Amino acid sequence: MRPFIVAIDGPAGAGKSTVSKLLARRLGFALVDTGAIYRCVALMARREGIASDDDAKLGELLSRIHIHFQVVGEDNHVFLDGQDVSSEIRTPEISMGASQVSSRPVVRSGLLALQRRLAMEAEKGAILEGRDIGTVVFPDADAKFFLEASPEVRARRRFEELFQKGVESSLEQVLSDQTQRDRDDSARAVAPLKAAEDAVRLDSSSLPLSEVVHEMENEIQRRL
Ligand code: C5P
């Protein structure tokens with residue numbers, strides 16, 4: 001029997017990472033942070049001096065990429081070629097790079113099998129968080145959610161997250177980067193950010209994240 005698949009999509013800063021982590025822990029499910037995968041591609045491209053529109057080189061890079069997730073303490077860490085890059089992929093520069101490489105069809109299609117494999121390796125269930133999980137990666141997911149929040153709330157959350165991680169930035173910068181990323185993610189031709197028709201939509205501007213987790217868990221338990 002295949003693992004129970006939960007798709008959580010939405011824009012940057014809507015609270016996907018926090019709720020996914022809490023849900024995964026409560027349900028004993030694996031967690032696949034697909035944004036971290038795109039960030040690893042951007043990091044590798046940057047290290048190797050590959051331009052974000054060089055499809056031939058990006059395609060070749062994808063044939064060599066090795067990514068796995070592992071829970072370290074309370075957090076889900078991402079390893080690129082065995083190296084823990086969890087902090088390195090969170091800089092504003094890599095955020096932009098990830099958004100750029102993610103608009104390349106060669107990158108999106110090249111990462112499909114990896115995302116599906118990481119989820120299917122889970123024993124009981126897997127939570128995938130991203131932008132196109134319910135629409136493209138797992139259109140037949142067992143439960144789908146689309147998490148939103150106002151741009152101001154999202155930017156503040158992201159700013160505080162960066163601050164806690166010791167990454168220097170300003171609220172204005174985070175908001176302006178976020179606006180650009182939202183625009184790029186929603187406007188791209190392949191797998192743009194949009195809610196699946198059968199996704200449960202939740203807005204975390206008015207709902208505390210603990211309540212969002214509660215609603216999602218109830219919905220999942222009903223379908224388990
Ligand atoms: O979620 P996170 O902010 O880490 O994602 C980084 C970037 O990766 C996003 O801005 C988006 O461009 C891209 N992404 C994507 N599809 C996904 C997950 C992330 O295009 N499923």
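In this predicted model, three strands form an open sheet in the order E3-E4-E5, with antiparallel pairing, where strands (E, at least two residues) and helices (H or I, at least four) are DSSP runs numbered from the N terminus, and two strands pair if DSSP finds at least two bridges between them. E3 and strand E5 (83-84) stand at the edges with a single partner strand each, so that one side of each is left without a neighbour in the sheet. Residues are numbered from 1 along each chain as its sequence is written. Because the model is predicted, local features need pLDDT of at least 70 and side-chain atom pairs count only at pLDDT 80 or more, whereas totals for chains, interfaces and linings use all residues, and side-chain values use heavy atoms, with hydrogens and water left out.

Strand E3 (residues 67-72) and strand E4 (residues 75-80) pair in the antiparallel sense over 6 bridges, and within this pairing Gln-70 has His-77 in E4 as its bridge partner. The two strands, E3 and E4, form a hairpin with 2 residues between them, and Gly-73 in the turn has a positive phi of about 65 degrees. E4 also pairs with E5 in the antiparallel sense, over 2 bridges, with Gln-83 in E5 as the bridge partner of Leu-80.

Around the ligand there are 16 residues, of which Arg-39, Arg-108, Arg-131, Arg-181 and Asp-185 come nearest; a residue is near a molecule if one of its heavy atoms lies within 4 Å of it. By class, this shell has 9 charged, 5 polar and 2 nonpolar residues. Helix H2 (34-47), helix H4 (92-101) and helix H8 (171-187) each supply at least two residues of the shell, and H2 gives the most, with 4 residues.

Oxygen atoms of the ligand lie 2.8 Å from a polar side-chain atom of Arg-108, 3.0 Å from a polar side-chain atom of Ser-102, and 2.8 Å from an N or O atom in the side chain of Arg-181, a polar contact being a pair of N or O atoms within 3.5 Å. The protein covers 98% of the 460 Å² of accessible area that the ligand has on its own, as given by the Shrake-Rupley method with a 1.4 Å probe.

Conventions: A polar contact is a pair of N or O atoms within 3.5 Å; within protein, one must be able to donate a hydrogen and the other to accept it, and residues adjacent in sequence count only if both atoms are side-chain atoms. Ala, Val, Leu, Ile, Met, Phe, Trp, Tyr, Cys and Pro count as nonpolar, Asp, Glu, Lys and Arg as charged, and the others, Gly among them, as polar.
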